[in-house]
Amino acid sequence: MSSVQLSGAGVAAVAFTKNGASSFDGLRLAPPSVRVCSSRRPSRSLVVKAATVVTPKYTSLKPLGDRVLVKLGAAEEKTVGGILLPSTAQSKPQGGEVVAVGEGRTIGDKKVEVSLQIGAEVVYSKYAGTEVQFNDTKHLILKEDDIIGVLETDDVKDMKPLNDRVLIKVAEAEDKTAGGLILTETTKEKPSIGTVVAVGPGPLDDEGKRQPLSVSAGSTVMYSKYAGSEFKGADGTNYIVLRVSDVMAVLS
């Protein structure tokens with residue numbers, strides 16, 4: 001009988017049942033490596049690229065607390081120029097569909113439900129959560145706070161940031177130096193100034209109430225240079241989503 005040895009982070013809190021709740025089909029993504037060893041006879045270990053595997057006898061997977069289960073988007077198989085990428089070089093997706101949510105959490109005396117709805121298309125922090133393979137499909141279990149925002153269209157400019165996060169349209173980098181020298185894309189200085197496009201509802205306080213953010217849509221802000229998650233809009237415009245604590249100043 002084969003045993004599976006997982007490398008990396010442990011499995012997030014989830015509940016498994018053999019029947020009853022709905023099952024999830026067709027999830028995708030590239031997982032961490034695991035080491036599979038045979039217990040019948042000594043042999044060399046075989047390294048397999050796979051996510052945490054749930055045995056077929058389980059027919060449903062329900063996240064607990066403030067965790068959500070996200071159906072993963074597909075990794076890019078080609079470059080912009082059409083070059084086919086091997087699985088090791090394919091970019092890890094940061095988006096997917098919410099297929100199940102936990103019952104929420106208690107803050108003080110107040111029960112706070114997960115704010116995400118099943119079916120919502122979301123974007124999450126790049127290295128958050130635990131990847132799970134279930135019913136021959138792959139998905140991600142992560143905390144609600146690891147969800148960056150909800151995509152209401154296919155364009156990132158329409159993203160609805162969650163909790164204490166803000167969506168910022170990044171100012172364009174300078175094309176020339178002060179002396180008139182034209183800069184290439186790789187030598188342009190990364191800007192840390194932009195315009196706030198949308199803000200989240202705010203973080204929860206000790207009583208479970210939302211606290212409004214200190215910045216608003218339309219403000220020009222300066223933010224920490226290496227904070228947040230960067231995205232490119234449908235028209236090529238650069239955007240960044242970061243926590244309001246990474247905004248250093250409002251410019252006027």
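How many bridges join strand β17 (residues 193–199) to strand β18 (residues 220–223), and in which sense do the two run? Three bridges join them, and the strands run antiparallel. Within this pair, Ile193 has Met222 of β18 as its bridge partner. Helices (H or I, at least four residues) and strands (E, at least two) are DSSP runs, numbered from the N terminus, and two strands pair if DSSP finds at least two bridges between them.

The structure is a predicted model in which local features need pLDDT of at least 70 and side-chain atom pairs count only at pLDDT 80 or more, while totals for chains, interfaces and linings use all residues. Residues are numbered from 1 along each chain as its sequence is written, and side-chain values use heavy atoms, with hydrogens and water left out.

The pLDDT, which is the predictor's confidence in each residue from 0 to 100, averages 75 over the protein chain, and 64% of the residues score at least 70. Confidence is lowest in strand β4 (residues 46–49), with a mean of 37, and highest in strand β16 (residues 165–170), at 96. The pLDDT is below 50 over residues 1–12, a stretch that has 23 contacts in the model beyond near neighbours in sequence. It is also below 50 over residues 20–50, where 77 such contacts occur. A contact means heavy atoms within 4.5 Å.

The protein chain has zero helices and 21 strands. Of its contacts with a separation of 6 or more, 66% are between residues 24 or more positions apart. Buried residues make up 37% of the 252 residues, where buried means under 20% relative accessible area, exposed over 50%, and partly exposed in between (1.4 Å probe, protein chains only).

Eight strands form an open sheet of mixed pairing, in the order β5-β12-β13-β7-β8-β11-β14-β15. Its edge strands are β5 (52–53) and β15 (159–161), each of which pairs on one side only. Strand β13 (residues 137–143) has five of its seven residues buried, so it is largely enclosed by the rest of the structure. On one hand, β13 is joined to β7 by five bridges in an antiparallel arrangement, with Lys71 having His139 of β13 as its bridge partner. On the other, five bridges join β13 to strand β12 (residues 130–134), again antiparallel; here Glu131 has Leu140 of β13 as its partner. The hairpin of β12 and β13 has two residues between the strands, and Asn135 takes a positive phi near 55° in it. Strand β7 (residues 67–72) also pairs with strand β8 (residues 95–101) in the antiparallel sense over five bridges, and Leu72 stands opposite Gly96 in β8.

The strands β17 and β18 of the opening question belong to an open sheet of six strands with antiparallel pairing, in the order β19-β20-β16-β17-β18-β21. At its edges stand β19 (229–232) and β21 (247–251), each with a single partner strand, so one side of each is left without a neighbour in the sheet. From one strand to the next the twist averages 40°; axes are lines fitted to C-alpha atoms, for helices over the stretch in contact, and angles run from 0 to 180 degrees between N-to-C directions.

In one of them, the side chains of Arg105 and Asp66 meet at 3.8 Å, N to O. This pair links distant parts of the chain, with Arg105 in strand β9 and Asp66 in the loop between β6 (60–63) and β7, 39 residues apart. Arg105 is partly exposed, at a relative accessible area of 36%, whereas Asp66 is buried, at 14%.

Arg243 forms another salt bridge, with Asp164, the closest N and O atoms being 2.7 Å apart. Arg243 lies in strand β20 (residues 238–243) and Asp164 in the loop between β15 and β16, so that this pair too links distant parts of the chain, 79 residues apart. Arg243 counts as partly exposed at 25% relative accessibility, and Asp164 as buried at 13%. Salt bridges that share partners join Asp145, Asp164 and Arg243 into one network.

Methods
A salt bridge is a side-chain nitrogen of Lys or Arg within 4 Å of a carboxyl oxygen of Asp or Glu.
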